[in-house]
Amino acid sequence: MGNAKIIPATEALLLPYQRRWVLDPSRIKIMEKSRQIGISWASAYALVRRKSQCGARYDAWVSSRDEIQARLFLEDCKTFARVLNIVAEDLSCRLLEDNASSSYVLRFSSGVKINSMSSSPDAQAGKRGDRLLDEFALHKDPRKLYAIAYPGITWGGQLEMVSTHRGSHNFFNELITEIREKGNPKKISLHRVTLEDALNDGFLYRLQQKLAPDDERQAMDESDYFNFIRSGCANEESFQQEYMCVPADDASAFLSYDQIAACEYETDPANVSDLSDLSDLSDKNVPLYIGVDVGRNHDLTVIWINSFEGGRHLCRRLIVLDGLKFSAQEEILYPFLELPNMRRCCIDASGLGMQLAERAADRFGSYRVEGIKFSGPVKEALAYPFRAAFEDRNIRIPRDPKLRADLRAIKKETTAAGNIRFSADRGENGHSDRFWAGALAVHAQGGNDGPCRIEPAEKPIPELENGSYNASRYPDHSGDR
(Lines give C-alpha, C1' and ligand atoms only; values in the text may rest on other atoms or scores of the structure.)
Protein backbone atom coordinates (compact mmCIF):
# COMPACT_ATOMS: atom_id res chain seq x y z
CA MET A 1 0.00 0.00 0.00
CA GLY A 2 1.30 3.47 -0.86
CA ASN A 3 3.86 4.90 -3.26
CA ALA A 4 6.92 4.96 -0.99
CA LYS A 5 10.10 4.18 -2.91
CA ILE A 6 12.32 3.33 0.07
CA ILE A 7 11.25 0.06 1.64
CA PRO A 8 13.01 -1.27 4.77
CA ALA A 9 15.17 -4.33 4.09
CA THR A 10 13.33 -6.38 6.68
CA GLU A 11 9.95 -6.36 8.39
CA ALA A 12 11.62 -5.66 11.72
CA LEU A 13 9.67 -3.86 14.42
CA LEU A 14 12.08 -0.90 14.41
CA LEU A 15 13.45 1.22 11.59
CA PRO A 16 17.25 1.64 11.51
CA TYR A 17 17.32 5.01 13.32
CA GLN A 18 15.00 3.65 16.01
CA ARG A 19 17.14 0.54 16.41
CA ARG A 20 20.32 2.60 16.84
CA TRP A 21 18.64 4.58 19.62
CA VAL A 22 17.23 1.55 21.43
CA LEU A 23 20.50 -0.43 21.36
CA ASP A 24 22.74 2.45 22.49
CA PRO A 25 23.83 1.47 26.06
CA SER A 26 25.38 4.87 26.89
CA ARG A 27 24.84 6.14 30.42
CA ILE A 28 23.59 9.50 29.10
CA LYS A 29 22.20 9.95 25.62
CA ILE A 30 20.30 12.66 23.83
CA MET A 31 18.17 12.67 20.69
CA GLU A 32 17.45 15.78 18.59
CA LYS A 33 14.70 14.72 16.25
CA SER A 34 11.98 15.56 13.80
CA ARG A 35 8.43 15.47 15.04
CA GLN A 36 6.28 12.35 14.76
CA ILE A 37 8.87 9.84 13.57
CA GLY A 38 8.34 7.28 16.35
CA ILE A 39 11.23 7.96 18.73
CA SER A 40 9.05 8.18 21.85
CA TRP A 41 7.34 4.97 20.72
CA ALA A 42 10.72 3.26 20.31
CA SER A 43 11.80 4.57 23.74
CA ALA A 44 8.75 2.91 25.28
CA TYR A 45 9.82 -0.37 23.68
CA ALA A 46 13.37 0.05 25.00
CA LEU A 47 12.17 0.57 28.58
CA VAL A 48 9.86 -2.46 28.50
CA ARG A 49 12.68 -4.53 27.01
CA ARG A 50 15.11 -3.53 29.78
CA LYS A 51 12.74 -3.59 32.74
CA SER A 52 11.32 -7.01 31.91
CA GLN A 53 14.74 -8.69 32.12
CA CYS A 54 15.59 -10.80 35.14
CA GLY A 55 18.48 -8.61 36.19
CA ALA A 56 16.50 -5.34 36.23
CA ARG A 57 17.05 -3.61 39.57
CA TYR A 58 15.63 -0.10 39.48
CA ASP A 59 12.42 1.52 38.37
CA ALA A 60 12.19 3.81 35.34
CA TRP A 61 10.88 7.37 35.63
CA VAL A 62 9.49 9.03 32.51
CA SER A 63 8.85 12.75 32.39
CA SER A 64 6.37 13.73 29.68
CA ARG A 65 5.22 17.17 28.55
CA ASP A 66 1.79 16.88 30.17
CA GLU A 67 -0.55 14.37 31.79
CA ILE A 68 -2.10 13.29 28.48
CA GLN A 69 1.32 12.45 27.02
CA ALA A 70 2.25 10.61 30.23
CA ARG A 71 -0.81 8.40 29.90
CA LEU A 72 -0.23 7.76 26.19
CA PHE A 73 3.38 6.76 26.87
CA LEU A 74 2.26 4.15 29.40
CA GLU A 75 -0.27 2.81 26.87
CA ASP A 76 2.62 2.24 24.46
CA CYS A 77 4.50 0.41 27.21
CA LYS A 78 1.47 -1.84 27.84
CA THR A 79 1.21 -2.59 24.12
CA PHE A 80 4.85 -3.71 23.96
CA ALA A 81 4.41 -5.83 27.08
CA ARG A 82 1.59 -7.69 25.31
CA VAL A 83 3.59 -8.01 22.08
CA LEU A 84 6.55 -9.47 23.98
CA ASN A 85 4.24 -11.68 26.06
CA ILE A 86 5.50 -10.16 29.28
CA VAL A 87 3.49 -10.29 32.48
CA ALA A 88 2.83 -6.73 33.57
CA GLU A 89 0.23 -5.08 35.78
CA ASP A 90 -1.26 -1.66 35.11
CA LEU A 91 -1.43 0.05 38.49
CA SER A 92 -3.28 2.97 36.93
CA CYS A 93 -2.70 6.49 38.23
CA ARG A 94 -0.99 6.80 41.60
CA LEU A 95 -0.15 9.79 43.73
CA LEU A 96 3.50 10.31 44.65
CA GLU A 97 3.12 11.31 48.26
CA ASP A 98 6.35 13.26 48.62
CA ASN A 99 5.39 16.01 46.17
CA ALA A 100 1.72 15.44 45.31
CA SER A 101 2.55 14.59 41.68
CA SER A 102 0.70 11.79 39.92
CA SER A 103 2.20 8.89 37.99
CA TYR A 104 0.86 6.21 35.65
CA VAL A 105 2.49 2.96 36.68
CA LEU A 106 3.20 -0.37 34.95
CA ARG A 107 4.66 -3.09 37.23
CA PHE A 108 6.45 -6.17 35.98
CA SER A 109 6.50 -9.56 37.71
CA SER A 110 9.92 -8.78 39.17
CA GLY A 111 8.45 -5.78 41.01
CA VAL A 112 10.29 -3.23 38.83
CA LYS A 113 8.02 -0.45 37.59
CA ILE A 114 7.81 2.09 34.78
CA ASN A 115 6.43 5.36 36.15
CA SER A 116 5.15 7.83 33.55
CA MET A 117 4.67 11.32 34.95
CA SER A 118 3.86 14.83 33.79
CA SER A 119 6.54 17.48 33.56
CA SER A 120 7.07 18.63 37.16
CA PRO A 121 10.85 18.56 37.81
CA ASP A 122 10.25 18.04 41.53
CA ALA A 123 8.62 14.68 40.78
CA GLN A 124 12.07 13.40 39.75
CA ALA A 125 13.68 14.25 43.09
CA GLY A 126 14.84 11.38 45.26
CA LYS A 127 14.15 8.67 42.68
CA ARG A 128 16.72 6.08 41.56
CA GLY A 129 16.90 4.32 38.21
CA ASP A 130 16.38 5.04 34.54
CA ARG A 131 15.27 8.50 33.45
CA LEU A 132 13.55 9.35 30.17
CA LEU A 133 12.91 13.06 29.65
CA ASP A 134 10.51 13.13 26.71
CA GLU A 135 10.01 16.39 24.74
CA PHE A 136 12.80 17.72 26.94
CA ALA A 137 13.09 21.18 25.34
CA LEU A 138 9.34 21.76 25.71
CA HIS A 139 9.40 21.50 29.50
CA LYS A 140 9.01 24.78 31.33
CA ASP A 141 12.49 24.59 32.87
CA PRO A 142 14.72 22.00 31.11
CA ARG A 143 17.80 23.05 33.08
CA LYS A 144 16.11 22.39 36.43
CA LEU A 145 14.66 19.12 35.15
CA TYR A 146 18.13 17.90 34.12
CA ALA A 147 19.67 19.03 37.41
CA ILE A 148 17.15 17.00 39.43
CA ALA A 149 17.06 13.94 37.15
CA TYR A 150 20.82 13.47 36.69
CA PRO A 151 21.66 12.39 40.29
CA GLY A 152 19.03 9.63 39.97
CA ILE A 153 21.34 7.48 37.82
CA THR A 154 24.20 7.56 40.36
CA TRP A 155 23.54 3.93 41.36
CA GLY A 156 22.73 2.70 37.87
CA GLY A 157 20.44 3.28 34.91
CA GLN A 158 20.35 5.52 31.84
CA LEU A 159 19.44 9.16 31.42
CA GLU A 160 17.74 9.68 28.05
CA MET A 161 16.64 13.02 26.63
CA VAL A 162 14.41 13.16 23.56
CA SER A 163 13.14 16.35 21.93
CA THR A 164 12.67 18.62 18.99
CA HIS A 165 14.34 22.01 19.32
CA ARG A 166 12.73 25.10 20.82
CA GLY A 167 15.00 28.02 20.18
CA SER A 168 18.75 28.48 20.27
CA HIS A 169 18.76 29.72 23.89
CA ASN A 170 17.05 26.61 25.25
CA PHE A 171 19.09 24.36 27.58
CA PHE A 172 18.47 21.44 25.21
CA ASN A 173 20.39 23.25 22.47
CA GLU A 174 23.07 24.29 24.96
CA LEU A 175 23.74 20.61 25.70
CA ILE A 176 23.97 19.76 22.00
CA THR A 177 26.28 22.70 21.32
CA GLU A 178 28.45 21.56 24.23
CA ILE A 179 28.69 18.08 22.70
CA ARG A 180 29.58 19.30 19.21
CA GLU A 181 31.75 22.31 19.93
CA LYS A 182 33.12 22.10 23.47
CA GLY A 183 34.56 18.62 23.76
CA ASN A 184 31.49 16.89 25.21
CA PRO A 185 32.54 17.16 28.90
CA LYS A 186 29.41 15.33 30.10
CA LYS A 187 30.16 12.34 27.83
CA ILE A 188 26.71 12.33 26.26
CA SER A 189 25.93 10.11 23.26
CA LEU A 190 24.26 12.28 20.60
CA HIS A 191 21.68 11.04 18.07
CA ARG A 192 20.14 13.22 15.36
CA VAL A 193 17.25 12.25 13.07
CA THR A 194 15.71 14.81 10.70
CA LEU A 195 12.61 14.17 8.63
CA GLU A 196 14.91 13.56 5.66
CA ASP A 197 16.91 10.99 7.66
CA ALA A 198 13.73 9.19 8.69
CA LEU A 199 12.42 9.10 5.11
CA ASN A 200 15.74 7.65 3.93
CA ASP A 201 15.35 4.85 6.49
CA GLY A 202 11.87 3.84 5.27
CA PHE A 203 9.61 6.00 7.46
CA LEU A 204 7.10 6.78 4.70
CA TYR A 205 6.65 3.10 3.84
CA ARG A 206 5.97 2.31 7.50
CA LEU A 207 3.57 5.26 7.78
CA GLN A 208 1.61 4.28 4.68
CA GLN A 209 1.01 0.80 6.09
CA LYS A 210 -0.86 2.48 8.98
CA LEU A 211 -2.85 5.07 7.02
CA ALA A 212 -6.36 4.57 5.64
CA PRO A 213 -6.41 3.45 1.98
CA ASP A 214 -8.03 6.72 0.88
CA ASP A 215 -5.59 8.98 2.74
CA GLU A 216 -4.03 11.52 0.36
CA ARG A 217 -0.53 10.60 1.61
CA GLN A 218 -0.83 7.13 0.10
CA ALA A 219 -0.17 8.65 -3.33
CA MET A 220 3.05 10.36 -2.22
CA ASP A 221 6.65 9.29 -2.53
CA GLU A 222 9.34 10.53 -0.16
CA SER A 223 9.92 13.79 -2.04
CA ASP A 224 6.18 14.53 -2.21
CA TYR A 225 5.76 13.85 1.51
CA PHE A 226 8.72 16.06 2.42
CA ASN A 227 7.25 18.96 0.43
CA PHE A 228 3.78 18.26 1.85
CA ILE A 229 5.04 18.60 5.42
CA ARG A 230 7.11 21.66 4.57
CA SER A 231 4.22 23.53 2.95
CA GLY A 232 1.95 22.77 5.89
CA CYS A 233 4.18 24.46 8.48
CA ALA A 234 3.43 27.96 9.71
CA ASN A 235 6.66 29.28 8.17
CA GLU A 236 10.12 28.12 7.13
CA GLU A 237 11.59 28.71 10.58
CA SER A 238 8.98 26.37 12.06
CA PHE A 239 9.74 23.68 9.49
CA GLN A 240 13.49 23.88 10.04
CA GLN A 241 13.09 23.64 13.80
CA GLU A 242 10.30 21.08 14.05
CA TYR A 243 11.45 18.73 11.30
CA MET A 244 15.09 19.45 10.38
CA CYS A 245 16.70 19.83 13.84
CA VAL A 246 17.73 23.46 13.24
CA PRO A 247 17.01 25.56 16.34
CA ALA A 248 15.36 28.91 15.68
CA ASP A 249 17.65 31.88 16.22
CA ASP A 250 16.63 33.55 19.48
CA ALA A 251 19.27 36.26 19.12
CA SER A 252 17.42 38.12 16.38
CA ALA A 253 13.87 37.41 17.54
CA PHE A 254 12.05 39.91 19.72
CA LEU A 255 10.43 37.07 21.72
CA SER A 256 12.24 33.83 22.51
CA TYR A 257 10.62 30.40 22.29
CA ASP A 258 10.97 29.92 26.03
CA GLN A 259 9.18 33.21 26.75
CA ILE A 260 6.30 32.23 24.47
CA ALA A 261 6.01 28.61 25.61
CA ALA A 262 5.97 29.57 29.29
CA CYS A 263 2.77 31.54 28.65
CA GLU A 264 0.88 29.00 26.54
CA TYR A 265 -2.13 26.99 27.67
CA GLU A 266 -3.86 24.02 26.04
CA THR A 267 -7.33 24.60 24.63
CA ASP A 268 -9.57 23.55 21.79
CA PRO A 269 -8.85 25.96 18.88
CA ALA A 270 -12.60 26.21 18.28
CA ASN A 271 -13.06 27.77 21.72
CA VAL A 272 -10.81 30.76 21.05
CA SER A 273 -12.34 31.44 17.64
CA ASP A 274 -15.98 30.97 18.63
CA LEU A 275 -18.35 33.66 17.33
CA SER A 276 -21.64 31.95 18.16
CA ASP A 277 -21.57 31.99 21.96
CA LEU A 278 -20.29 35.01 23.90
CA SER A 279 -21.83 34.03 27.24
CA ASP A 280 -18.45 33.11 28.72
CA LEU A 281 -17.23 36.67 28.06
CA SER A 282 -20.12 38.58 29.65
CA ASP A 283 -19.15 38.44 33.34
CA LYS A 284 -19.47 42.06 34.46
CA ASN A 285 -16.79 41.54 37.12
CA VAL A 286 -14.16 40.52 34.55
CA PRO A 287 -13.05 43.43 32.33
CA LEU A 288 -12.29 42.78 28.67
CA TYR A 289 -9.74 44.53 26.46
CA ILE A 290 -9.58 44.18 22.70
CA GLY A 291 -6.84 44.75 20.13
CA VAL A 292 -7.59 44.77 16.40
CA ASP A 293 -4.94 44.69 13.68
CA VAL A 294 -6.63 45.47 10.37
CA GLY A 295 -5.98 43.89 6.98
CA ARG A 296 -7.89 43.21 3.79
CA ASN A 297 -6.20 41.63 0.77
CA HIS A 298 -2.56 40.98 1.68
CA ASP A 299 -2.75 40.97 5.50
CA LEU A 300 -5.11 39.42 8.01
CA THR A 301 -7.51 41.18 10.34
CA VAL A 302 -6.96 39.79 13.83
CA ILE A 303 -9.26 40.45 16.80
CA TRP A 304 -7.51 39.62 20.10
CA ILE A 305 -9.68 39.69 23.23
CA ASN A 306 -8.12 39.60 26.69
CA SER A 307 -9.76 39.35 30.06
CA PHE A 308 -7.76 40.86 32.88
CA GLU A 309 -7.87 39.03 36.20
CA GLY A 310 -5.42 38.86 39.07
CA GLY A 311 -2.96 41.12 37.30
CA ARG A 312 -2.75 38.78 34.28
CA HIS A 313 -3.96 39.02 30.68
CA LEU A 314 -5.78 35.93 29.43
CA CYS A 315 -6.44 35.59 25.70
CA ARG A 316 -10.10 34.53 25.55
CA ARG A 317 -10.71 34.92 21.82
CA LEU A 318 -8.39 35.09 18.82
CA ILE A 319 -10.40 35.74 15.67
CA VAL A 320 -8.54 35.69 12.35
CA LEU A 321 -10.30 37.13 9.28
CA ASP A 322 -8.87 36.66 5.81
CA GLY A 323 -10.14 38.64 2.81
CA LEU A 324 -13.47 39.74 4.33
CA LYS A 325 -15.17 42.98 3.34
CA PHE A 326 -14.98 45.66 5.99
CA SER A 327 -18.74 45.52 6.47
CA ALA A 328 -18.41 41.83 7.33
CA GLN A 329 -15.51 42.59 9.66
CA GLU A 330 -17.65 45.14 11.49
CA GLU A 331 -20.44 42.61 11.83
CA ILE A 332 -18.04 40.23 13.57
CA LEU A 333 -16.32 42.86 15.74
CA TYR A 334 -19.35 44.83 16.98
CA PRO A 335 -20.93 42.13 19.22
CA PHE A 336 -17.69 42.06 21.21
CA LEU A 337 -17.70 45.85 21.54
CA GLU A 338 -21.29 45.69 22.83
CA LEU A 339 -20.41 43.45 25.78
CA PRO A 340 -21.08 45.38 29.02
CA ASN A 341 -17.67 44.54 30.48
CA MET A 342 -15.71 45.61 27.40
CA ARG A 343 -13.59 48.43 28.82
CA ARG A 344 -11.47 49.50 25.88
CA CYS A 345 -10.64 48.51 22.33
CA CYS A 346 -7.57 49.69 20.42
CA ILE A 347 -7.77 49.44 16.63
CA ASP A 348 -4.97 49.83 14.09
CA ALA A 349 -5.96 53.06 12.35
CA SER A 350 -3.11 53.07 9.85
CA GLY A 351 -4.13 53.12 6.19
CA LEU A 352 -6.92 50.60 5.67
CA GLY A 353 -7.81 50.54 9.36
CA MET A 354 -8.66 54.23 9.59
CA GLN A 355 -12.28 53.87 8.51
CA LEU A 356 -12.91 50.80 10.67
CA ALA A 357 -11.51 52.61 13.73
CA GLU A 358 -13.44 55.84 13.05
CA ARG A 359 -16.78 54.08 12.53
CA ALA A 360 -16.35 51.99 15.68
CA ALA A 361 -15.43 55.09 17.71
CA ASP A 362 -18.47 56.97 16.32
CA ARG A 363 -20.80 54.14 17.30
CA PHE A 364 -19.36 53.13 20.67
CA GLY A 365 -17.60 56.29 21.87
CA SER A 366 -13.98 57.38 21.68
CA TYR A 367 -13.42 56.51 25.34
CA ARG A 368 -14.17 52.87 24.56
CA VAL A 369 -12.62 52.68 21.09
CA GLU A 370 -9.26 54.23 20.25
CA GLY A 371 -7.70 54.33 16.82
CA ILE A 372 -3.92 54.04 16.87
CA LYS A 373 -1.83 55.05 13.86
CA PHE A 374 1.31 52.97 13.60
CA SER A 375 4.70 54.66 13.36
CA GLY A 376 8.17 53.70 14.52
CA PRO A 377 7.82 55.24 18.01
CA VAL A 378 4.24 53.96 18.38
CA LYS A 379 5.27 50.39 17.50
CA GLU A 380 8.07 50.61 20.05
CA ALA A 381 5.60 51.79 22.70
CA LEU A 382 3.33 48.84 21.88
CA ALA A 383 5.95 46.11 21.49
CA TYR A 384 7.95 46.50 24.71
CA PRO A 385 5.01 46.27 27.18
CA PHE A 386 3.78 43.26 25.20
CA ARG A 387 7.16 41.56 25.57
CA ALA A 388 7.28 42.51 29.26
CA ALA A 389 4.02 40.62 29.77
CA PHE A 390 5.73 37.48 28.40
CA GLU A 391 8.91 38.06 30.40
CA ASP A 392 6.91 38.45 33.62
CA ARG A 393 4.51 35.63 32.62
CA ASN A 394 1.60 37.98 33.06
CA ILE A 395 -0.13 36.82 29.89
CA ARG A 396 -1.65 33.50 28.89
CA ILE A 397 -2.12 32.58 25.23
CA PRO A 398 -3.54 29.51 23.46
CA ARG A 399 -1.03 27.00 22.13
CA ASP A 400 -1.25 27.55 18.39
CA PRO A 401 1.61 27.09 15.88
CA LYS A 402 0.45 30.02 13.73
CA LEU A 403 0.24 32.31 16.73
CA ARG A 404 3.68 31.19 17.86
CA ALA A 405 5.09 31.80 14.37
CA ASP A 406 3.64 35.33 14.33
CA LEU A 407 5.08 36.14 17.74
CA ARG A 408 8.45 34.76 16.69
CA ALA A 409 8.52 36.60 13.36
CA ILE A 410 8.97 40.06 14.83
CA LYS A 411 12.58 41.21 14.64
CA LYS A 412 14.01 44.34 16.24
CA GLU A 413 16.47 46.18 14.01
CA THR A 414 18.48 49.34 14.45
CA THR A 415 18.72 51.61 11.42
CA ALA A 416 21.84 53.50 10.32
CA ALA A 417 20.37 56.60 11.98
CA GLY A 418 20.12 54.76 15.29
CA ASN A 419 16.34 54.35 15.21
CA ILE A 420 14.63 51.14 16.28
CA ARG A 421 12.52 49.39 13.65
CA PHE A 422 10.33 46.31 14.01
CA SER A 423 10.18 44.10 10.95
CA ALA A 424 8.68 40.79 9.88
CA ASP A 425 8.63 38.84 6.65
CA ARG A 426 5.27 38.63 4.90
CA GLY A 427 3.98 35.13 4.20
CA GLU A 428 0.83 33.01 3.99
CA ASN A 429 0.52 33.39 7.75
CA GLY A 430 0.19 37.18 7.35
CA HIS A 431 2.56 39.90 8.41
CA SER A 432 2.80 39.20 12.16
CA ASP A 433 -0.76 40.49 12.45
CA ARG A 434 -1.42 38.39 15.56
CA PHE A 435 1.57 40.00 17.31
CA TRP A 436 0.27 43.53 16.79
CA ALA A 437 -3.30 42.60 17.71
CA GLY A 438 -2.00 41.17 21.00
CA ALA A 439 0.15 44.23 21.62
CA LEU A 440 -2.89 46.47 21.04
CA ALA A 441 -4.97 44.37 23.47
CA VAL A 442 -2.34 44.72 26.19
CA HIS A 443 -2.06 48.44 25.42
CA ALA A 444 -5.85 48.75 25.75
CA GLN A 445 -5.59 47.69 29.38
CA GLY A 446 -2.79 50.19 29.85
CA GLY A 447 -1.90 49.16 33.39
CA ASN A 448 -5.06 50.77 34.74
CA ASP A 449 -8.04 48.53 35.43
CA GLY A 450 -10.25 51.23 36.90
CA PRO A 451 -13.67 52.08 35.50
CA CYS A 452 -13.60 53.80 32.15
CA ARG A 453 -15.73 56.74 31.16
CA ILE A 454 -18.34 55.76 28.59
CA GLU A 455 -18.86 58.55 26.10
CA PRO A 456 -22.37 58.57 24.61
CA ALA A 457 -22.30 57.28 21.07
CA GLU A 458 -23.39 59.64 18.33
CA LYS A 459 -25.56 56.87 16.89
CA PRO A 460 -27.44 54.21 18.87
CA ILE A 461 -25.72 50.93 19.42
CA PRO A 462 -27.48 48.36 17.19
CA GLU A 463 -29.48 45.58 18.72
CA LEU A 464 -28.23 42.04 18.61
CA GLU A 465 -30.07 39.50 16.52
CA ASN A 466 -29.36 35.94 17.69
CA GLY A 467 -26.14 37.12 19.28
CA SER A 468 -24.73 38.95 16.25
CA TYR A 469 -24.90 42.41 14.73
CA ASN A 470 -26.96 42.50 11.54
CA ALA A 471 -25.25 45.03 9.28
CA SER A 472 -28.11 44.96 6.77
CA ARG A 473 -30.38 46.75 9.28
CA TYR A 474 -28.01 49.70 9.38
CA PRO A 475 -27.32 50.69 5.77
CA ASP A 476 -25.38 53.77 6.77
CA HIS A 477 -22.82 51.53 8.42
CA SER A 478 -22.89 48.40 6.28
CA GLY A 479 -21.21 49.55 3.07
CA ASP A 480 -17.70 48.55 2.18
CA ARG A 481 -15.09 51.16 1.44
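The model is predicted, with local features needing pLDDT of at least 70 and side-chain atom pairs pLDDT 80 or more, while totals for chains, interfaces and linings use all residues. Residues are numbered from 1 along each chain as its sequence is written, and side-chain values use heavy atoms, without hydrogens and water.

I noted that 35 residues line this pocket, and that Q36, I37, G38, I39 and W41 lie nearest its centre. A pocket is an open set of points on a 1 Å grid over the protein atoms alone, where a 1.4 Å probe fits, with protein on both sides within 12 Å along at least five of seven lines; lining residues have an atom within 4 Å of a point.

I then looked up F203. Beyond its neighbours within four places in sequence, F203 is in contact (heavy atoms within 4.5 Å) with residues including Y17, Q36, I37 and Y225.

K29 counts as buried because its relative accessible area is 0%; buried means under 20%, exposed over 50% and partly exposed in between (1.4 Å probe, protein chains only). The K29 side chain reaches the backbone oxygen of D24 at 3.0 Å. Among the residues that K29 touches, leaving out those up to four places away in sequence, I recorded W21, Q158, E160 and I188.

Terms used: A polar contact is a pair of N or O atoms within 3.5 Å; within protein, one must be able to donate a hydrogen and the other to accept it, and residues adjacent in sequence count only if both atoms are side-chain atoms.
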